[in-house]
Amino acid sequence: MSSVIKILPEQLCNKIAAGEVVERPSSVVKELVENSLDAGARSIRIDIEGGGKRLLRVSDDGCGMVQDDALMCLERHATSKISTDDDLFHLSSFGFRGEALPSIASVSRLTLKSCASEAQGGVELYAEGGQVKRVVETGMPRGTIIEIRSLFFNTPARRKFLRRDETELAHVQDVVLKLALSSPQTQFRLYHNDRLLIDTPASKDLAERIASLLGRATSRELLQLESQGSDNLSIAGYLSRPDCSRSTGSAVYTFINGRYIRDKVVQHAIREGYRTLLPKGRYPVTVLFISLDPTQVDVNVHPTKHEVRFREQSRIHDFIASSIARRMSPSDWVARAATDAVGETGQDEDLSSAPPTPPHAPAMPVSSPEGLWVGEQLASYRPRIGTSESKASSVVSGASVDSFSPAPVASLEPVAVDCVELPPAEASPGFFASLQVLGQYSNSYILCQHEGDLLLIDQHAAHERIRFEELKGQFFSGCLSSQALLFPQIIEMSPADAELLGRHLTSLLRLGLEIEPFGGNAFAIKSVPALHIEEDVERLVRDLIDDISTQGASFLVEEAIESTLMLMACHGVVRARQPLSEVQIRALLGAMDAVDFNSHCPHGRPVQVRLSSREIEKMFKRT
Ligand code: ADP
Ligand code: MG
């Protein structure tokens, strides 16, 4: 029998490598821009067409290449960046594997123009599927222009995986944003189909770059952080005050030795640094640069260098967490929160989430900033949808929480909610309205008595559920009413968010939000859902944008609308930790009767918990 093992041809190797390095247009942009940065570019221009599938061009004013290098750079494992084993562990460049250009070339039509010195002139070469077809001399200023056309033209299977232009564009924007954050001194411009989407001039520092990319509004929410540890370990950058959080982690930007990396250890450390200051499910905005001795971190874990491996994981983790925790201690935002405080704020603990605070925890504000929001007037709530007689009678003696909700969850029938003013229900009080109110506990829970049992109602969860049902009813009946703001509120978005928002203005109108472009990346919010309170508007819009970016354009279709409405419901409802007057408590209970209640808030937390007299007696060993 003859032997069967053979060495693969070079072009096939490149295609295989392309499978790892080149996933989609944004990965090409990443590799090309990193090369430009490695070449010392001061200005980088990115042009893409058709989401980058049709054309993708990166032009820089970096050091350029002489003719031989320009030919050489398409060879596999050809790099100018490292030459010895040792170099691999002292990396100071983005690239080092010498893989990107040959991989990209192998799956596209590539034109490369480069000039290392104007006196000597430049070179232009054209390659198809990695085969160089043409080399000519050309005149051009110093720098490099690499143009990729018809990505994956020779690998149809991979081309099939590419998504719609908008999706690919969003990925490209994301990559450019991260690279631009990593290199504030370099000018970046991104054009899509000749439309300028990102335009950030050379900035004098990171703060200026953040303001230019993420918007001035966001940059005003940020605190500066600078902390030096032992052995060249340091962290520097900006992070949001805990009262300015986001509903997704998409604005948590972290860089390790200048390279954007989303690492689990780092993410966890950041979370830990904020500890209980951030409400559950909320994320900060951060642009943080972690620097450490290159020998302490291995970047060569993954071909695209998205992951790293730390030598001393726990040391890095603890350093990041404690640096942030220290910054979060008595600072401006706490002082601000304290002066803004409305009503009493007691020393009580946050019962919902807080794990026991470690001894080195930062000083906590007396009440979480979230808790300082003024809820709307609960008294305005009254039963709206029919009466609730059935509920009162259907509550039987069972101790189970679920026994309060005999009816299936909210029917989506287009019941007339706010559109047609129903007369207040005058029938006998519903179950909740008939409860005997004992008082409020911890400014968060309403204590009630029902037939000898003790009932605890989570005021925030209850209100959220009410709001959710109302919004849902209004949405499906096509009459989600909105109210015009006295003064339109102007908000500034990052370029990527602005693009996203711009595309969804009509959909947002269906949610009762009237928003208009206001020049550049700014928008004017003109109307808000009628059930909404004003202070919240900007945050609501930002959260909705996060929602859209995770759910895509389908955020208003049946399956997805619930989560969007939940998000809206969560805004502006009465917070946990807010003292309520008796009138307000009564109004809340009355409103609870008006919705088809199942015993959970839209987020799935229980709204009410019942302790039977038997259970209480057992606690006191009376049985
Ligand atoms: P790596 O970046 O890992 O070295 P690449 O395949 O990305 O590998 O690039 C190969 C080489 O081509 C680089 O090492 C560099 O010398 C050269 N090169 C690529 N892009 C540029 C550019 N924009 N300006 C100058 N030189 C470049
Ligand atoms: Mg490279």
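Colleague: Let's start with H7. How many of its residues are buried?

Modeller: H7 is mostly covered, with 13 of its 18 residues buried. Keep in mind that this is a predicted model.

Colleague: Okay, and what does H7 reach from its first C-alpha to its last?

Modeller: The helix runs over residues 165–182 and reaches 26 Å, close to the 26 Å expected at 1.5 Å a residue.

Colleague: What touches Pro 25, leaving aside its neighbours within four places in sequence?

Modeller: Its contacts include Glu 168 and Val 172, and also Gly 51, Gly 52, Lys 53 and Leu 56. Leu 151 and Leu 162 are on the list as well. Pro 25 itself is found in helix H2, residues 25–38.

Colleague: How far apart are Pro 25 and Glu 168?

Modeller: In sequence they're 143 residues apart, but C-alpha to C-alpha it's 6.7 Å.

Colleague: And is Pro 25 buried or exposed?

Modeller: Buried. Its relative accessible area is 0%, and the cut-off for buried is under 20%.

Colleague: Switching to Ser 59. Which strand is that in?

Modeller: Ser 59 sits in S2, residues 55–60. With a relative accessible area of 17%, Ser 59 is buried.

Colleague: What does Ser 59 touch, not counting residues up to four places away?

Modeller: Ser 43, Ile 44 and Arg 45, plus Thr 144 and Ile 145. Arg 45 also lies over the face of Tyr 191, 4.0 Å from the ring centre.

Colleague: Nice. Where does the charged end of Arg 109 sit?

Modeller: Over the ring of Phe 153, at 4.1 Å from its centre.

Colleague: While we're on rings, how many aromatic pairs are there?

Modeller: The count comes to four aromatic pairs. Take Phe 255 and Tyr 260: their ring centres are 5.7 Å apart and the planes are at 75°, so that pair is edge-to-face. Phe 431 and Phe 432 are edge-to-face too, at 5.0 Å centre to centre with 70° between the planes.

Colleague: How far is His 450 from Phe 431?

Modeller: They're 9.4 Å apart in space, C-alpha to C-alpha, and 19 residues apart in sequence. His 450 lies in strand S17, residues 445–450, and counts as buried at 11% relative accessibility.

Colleague: What does the side chain of His 450 make a polar contact with?

Modeller: The side chain of Arg 610, at 2.8 Å.

Colleague: What about H19, which of its residues are buried?

Modeller: Among them are Ile 585, Leu 588, Leu 589 and Met 592, and Asp 593 is on the list too. H19 has 13 residues, 582–594, and reaches 19 Å, close to the 18 Å expected.

Terms used
Residues numbered from 1 in each chain as written. Chains lettered and ligands numbered in written order. Predicted model: local features only at pLDDT ≥ 70, side-chain atom pairs only at ≥ 80, totals over all residues. Heavy atoms only, no water. Helix = DSSP H or I, 4+ residues; strand = E, 2+ residues; numbered from the N terminus. Expected span 1.5 Å × (residues − 1). Buried < 20%, exposed > 50% of the residue type's maximum accessible area, 1.4 Å probe, protein only. Polar contact = N/O pair within 3.5 Å; in protein donor to acceptor, adjacent residues only side chain to side chain. Phe/Tyr/Trp six-rings, centres within 6.5 Å; stacked < 30°, edge-to-face > 60°. Lys NZ or Arg CZ within 6 Å of the ring centre and 35° of its normal. Contact = heavy atoms within 4.5 Å.
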